[in-house]
Amino acid sequence: TAVALVLIGLVAGFFSALFGVGGGIVVVPMLILLVGFAERPAMATSLAAIGLIAAVGTISYAVRGDVHYGYALLLGLPAALGAIGGTALQQRTAGPMLSYGFAALLAAVGIWLLV
């Protein structure tokens, strides 16, 4: 399990820095499929790890002058409020519905990016 978690972390960090994704798209599915986590603990663990991943990624991009701090605040503060609402809804949603909803979201984003 420890080796799988380290590998998941490496993949998440790589894709987070490369594409701006990591937690939901990489870590959650891998925790569920490779480590056997249930949906809720996978999502919670991913969010906890994202804090560290985001900090390192932010510093790496900031050194290059690519971070727009004002826009980051305009995105981040409402996102923090949204996380409170999302957590409340997630706690009231059955596990299989979380998986189906997550799969639908990933499919929709994939189609949108292709079009």
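The model is predicted. The chain contains five helices and zero strands, and from the N terminus on its elements follow the order α-α-α-α-α. Along the principal axes, the C-alpha trace spans about 40 × 35 × 30 Å.

The contact between helix 1, residues 2-19, and helix 2, residues 23-35, is considered first. The axes of helix 1 and helix 2 come within 10 Å and cross at roughly 160°. Because angles over 145 degrees count as roughly antiparallel, helix 1 and helix 2 are therefore roughly antiparallel to each other. Their crossing is right-handed. On the side of helix 1, the contact is made by Ala-4, Leu-5, Ile-8, Val-11, Ala-12 and Phe-15; helix 2 contributes Val-26, Val-27, Met-30, Leu-31, Leu-34 and Val-35. By class, this contact has twelve nonpolar residues, with no polar and no charged residues.

A second contact involves helix 3, residues 39-63, and helix 5, residues 95-114. The axes of helix 3 and helix 5 come within 9 Å and cross at roughly 55°, which makes helix 3 oblique to helix 5. In this contact, Glu-39, Arg-40 and Met-43 of helix 3 meet Gly-95, Leu-98 and Ser-99 of helix 5. The residues of the contact divide into two nonpolar, two polar and two charged.

The largest pocket holds about 1,700 Å³ of space. It is lined by 46 residues, of which Gly-23, Gly-24, Leu-47, Ile-50 and Ala-79 are the closest to its centre. Two or more lining residues are given by each of helix 1, helix 2, helix 3, helix 4 (69-91) and helix 5. The largest share of the lining, 14 residues, comes from helix 3, the helix that also meets helix 5 through Glu-39, Arg-40 and Met-43. By class, the lining of the largest pocket has 25 nonpolar, 18 polar and three charged residues.

How values were computed: Residues numbered from 1 in each chain as written. Predicted model: local features only at pLDDT ≥ 70, side-chain atom pairs only at ≥ 80, totals over all residues. Heavy atoms only, no water. 1 Å grid on protein atoms, 1.4 Å probe; cavity = no way out; pocket = protein on both sides within 12 Å on 5 of 7 lines; lining within 4 Å. Points joined across faces, edges and corners; volume = space filled by probe spheres on them. Helix = DSSP H or I, 4+ residues; strand = E, 2+ residues; numbered from the N terminus. Nonpolar A, V, L, I, M, F, W, Y, C, P; charged D, E, K, R; others polar. Axes fitted to C-alpha atoms, helices over the stretch in contact; angles between N-to-C directions. Parallel < 35°, antiparallel > 145°, perpendicular 65-115°, else oblique. Left-handed = near helix turned anticlockwise from the far one by under 90°. Contact = heavy atoms within 4.5 Å.
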